[in-house]
Amino acid sequence: MGIQNAIDNLISSLGQQVTRSKSDLEIHGRSESHFSLSPPDAVVYPENTAQVAEILEICARHRCPVVGWGTGTSLEGQSQAFLGGIVVDFSRMNRILGIAAEDMTVTVQPGVTREALNEELRATGLFFPVDPGANASLGGMAATRASGTTAVRYGTMRDNVLALEVVSANGEVIRTGTRARKSSSGYDLTGLFVGSEGTLGLITELTLRLQGTPEAISAAVCAFDSLSDAVAAVIDTIQCGVPMARIELMDIESVAAVNAYAGMSLAQKPHLLLEFHGTEASVKEQAESFGEIAGDHGGSGFDWATRPEDRSALWTMRHNAYYAILAARPGARAIVTDICVPISKLARAIEETRADLDRSGVQGPILGHVGDGNFHAVLLVDGTAPDEIMRAKQVSDRMVERALALGGTATGEHGIGIGKLGYMAREHGQGWAMMGAIKAALDPDNIMNPGKLVPPRN
């Protein structure tokens with residue numbers, strides 16, 4: 001009865017901002033990947049921090065589970081209410097609160113999407129660099145410590161969040177960090193909440209670091225005879241100090257999928273997609289330096305473009321690669337997994353993963369942000385075929401074991417949620433128990449996104 005009592009109280013307080021319509025519940029129960037539909041008991045649409053605090057105070061009183069929702073693009077079940085309760089949808093908290101151009105910072109509500117922010121920033125000569133591909137909400141990106149195609153140069157959300165406003169599990173509003181570029185004052189609570197996946201509190205405001213829009217940008221594409229040749233070119237490029245803004249890998253299967261989906265005509269070979277930022281002269285120099293390195297590793301078809309429409313077509317193709325891969329097997333579901341390894345181990349990790357996929361008979365195109373050692377395998381399965389699902393999950397498990405053995409991590413950017421919960425003890429050892437202790441201290445009744453990220457409670 002705790003959930004029902006909480007919902008009754010929320011309706012009394014917030015009225016039509018609480019919905020239990022079947023369509024709304026189903027929308028908030030879906031996953032971008034392979035997890036089955038898991039609707040919450042209600043969806044609440046707060047419009048300000050005070051309402052979020054009231055929601056959490058009510059839910060704490062009745063021990064009702066609470067799950068935060070940005071745009072629902074997470075891939076490991078982070079935004080699904082597997083244990084019931086309410087979903088807090090931040091789409092109405094979507095205001096840009098202040099741009100401090102001289103400080104190169106911006107303060108936003110959590111429902112602002114990265115594309116909407118960059119559109120607003122266009123006239124300032126500044127931009128927000130973290131680009132996970134999906135037009136995700138900035139609150140969700142912070143909660144999952146998102147990164148993406150530009151992390152090799154600009155870092156992840158960890159590097160770009162300066163301060164937060166957070167509502168804790170009991171409804172208390174706290175602030176972490178400042179607009180200053182650095183601090184040695186106390187525990188890094190901002191860092192604690194960035195990546196906490198809504199298990200410690202709900203983010204209601206973010207202050208973000210901005211970058212100056214480059215004078216010149218160019219993009220390039222280059223084919224290689226093998227994955228190892230492509231990765232060797234990446235390593236040499238980084239070791240030579242070429243300041244890449246993006247450096248992405250697509251294997252042969254990924255190339256075939258985007259060719260069919262987007263009407264492209266890329267050669268049926270592994271490809272690197274690159275972007276260079278800087279002045280006109282430096283961008284030209286960077287592109288020429290990479291061209292020489294690529295040539296040393298058998299790169300072919302090297303072509304670079306500076307026209308915005310050409311760059312846009314290239315990165316639209318890359319960002320839509322997931323949907324292109326899904327379209328390659330109509331009706332399939334995707335177990336989307338990512339690992340991250342030291343750059344020196346990247347070629348081995350990719351080649352062994354590719355061999356494992358071929359042996360297992362699992363269809364799994366590989367692509368990734370290879371400039372920082374992070375790659376993805378999109379494992380396509382028939383959702384009604386238990387044997388296929390089992391084999392794909394076994395491949396995913398071996399990918400993680402391989403990454404850990406090579407000094408890497410179970411996930412470079414997708415996060416843990418429920419999908420990778422089983423790998424946490426292997427990666428963190430007693431550190432995982434400490435995460436559970438922090439969770440218990442800040443959320444003693446375990447209402448914040450329960451069952452995710454930290455050890456299950458008895």
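Which residues touch the most other members of the largest nonpolar core?

Reply: Leu-272 and Ile-350 do, in a core of 45 residues. The model is predicted: local features need pLDDT of at least 70, side-chain atom pairs count only at pLDDT 80 or more, and totals for chains, interfaces and linings use all residues. Numbering runs from 1 along each chain as its sequence is written, and side-chain values use heavy atoms, with hydrogens and water left out.

A nonpolar core here is a set of buried Ala, Val, Leu, Ile, Met, Phe, Trp, Tyr and Cys residues joined through side-chain atoms within 4.5 Å. Buried means under 20% relative accessible area, exposed over 50%, partly exposed in between (1.4 Å probe, protein chains only).

Helix α9 (residues 227–239) gives the largest share of this core, six residues. Helices (H or I, at least four residues) and strands (E, at least two) are DSSP runs, numbered from the N terminus.

Now take Leu-272. Leaving aside residues up to four places away in sequence, Leu-272 touches Ala-220, Val-221, Cys-222, Phe-224, Ala-230, Ala-233, Val-234, Glu-248, Leu-249, Phe-290 and Val-370. Contact means heavy atoms within 4.5 Å.

Another core lies apart from the largest one. This other core has 25 residues, among them Val-44, Ile-55, Ala-60 and Ala-169.

Arg-63 sits in the loop between α3 (49–62) and β3 (66–69). Its phi is positive, about 55°, although Arg-63 is not a glycine. Arg-63 counts as exposed because its relative accessibility is 59%.
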